[in-house]
Amino acid sequence: MGSNEIESSGAEVVTVDVSITKGLIQNGHVYLDVRTKEEFEKGHVDAEKIINIPYMFNTPEGRVKNSEFMKEVLSATNKEDHLIVGCQSGVRSLYASADLLAEGFKDVRNMGGGYLDWVKNQFPVK
């Protein structure tokens, strides 16, 4: 992940695969789904503690970053929570994870491969 943009926060994003994610979720980690509400409603990871806060919105001009993302995450979690961040394929969640670490969150992991890999592995969905 050698992109300077992503590492500029000082903390490097840790990416874990869906198998590790599944274990972490079962051990009480909060799953933060950063996909759009529409994507979330079509299906999502089956987790006891799951929050859907879109990192980006679809607009006629393309995707734009949710300017309220950090405020919404801070109102739903705290910086000491153990977070797994996931999206459709692992790209938005990578950027969201970097933002969260830059904001001072202590334990943030990106789910590599996203929801697509989760489904491919036939893990439980809702």
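Helices (H or I, at least four residues) and strands (E, at least two) are taken here as DSSP runs, numbered from the N terminus. The model is a predicted one, so local features need pLDDT of at least 70 and side-chain atom pairs count only at pLDDT 80 or more, while totals for chains, interfaces and linings use all residues. Residues are numbered from 1 along each chain as its sequence is written, and side-chain values use heavy atoms, with hydrogens and water left out.

Five strands line up in the order β1-β7-β6-β2-β3, giving an open sheet with parallel pairing (two strands pair if DSSP finds at least two bridges between them). At the edges sit β1 (14-16) and β3 (50-52), each pairing on one side only. Neighbouring strands are turned by 30° against each other on average, direction ignored; axes are lines fitted to C-alpha atoms, for helices over the stretch in contact, and angles run from 0 to 180 degrees between N-to-C directions. Within the sheet, β2 (residues 30-33) runs parallel to β6 (residues 82-86) over 4 bridges, and Asp33 has Gly86 in β6 as its bridge partner.

Helix α5 (residues 91-102) packs on this sheet, where it touches β1, β2, β6 and β7 (107-111), and its direction makes about 170° with that of β7. Contact means heavy atoms within 4.5 Å. The helix length checks out: at 1.5 Å a residue, its 12 residues should span 16 Å, and the end C-alpha atoms are 17 Å apart, which agrees. That expected span is 1.5 Å times one less than the number of residues. Among the buried residues of α5 are Arg92, Leu94, Ala98 and Leu101. Ser97 also belongs to α5, and counts as buried because its relative accessibility is 0%; buried means under 20% relative accessible area, exposed over 50%, and partly exposed in between (1.4 Å probe, protein chains only). Setting aside neighbours within four places in sequence, Ser97 is in contact with Val13, Val85, Val108, Arg109 and Asn110. Just after the helix, Gly104 takes a positive phi of about 105°.

A further pairing is antiparallel: β4 (residues 56-59) and β5 (residues 62-65) share 4 bridges, and a hairpin of 2 residues joins them. Here Phe57 has Val64 as its bridge partner in β5.
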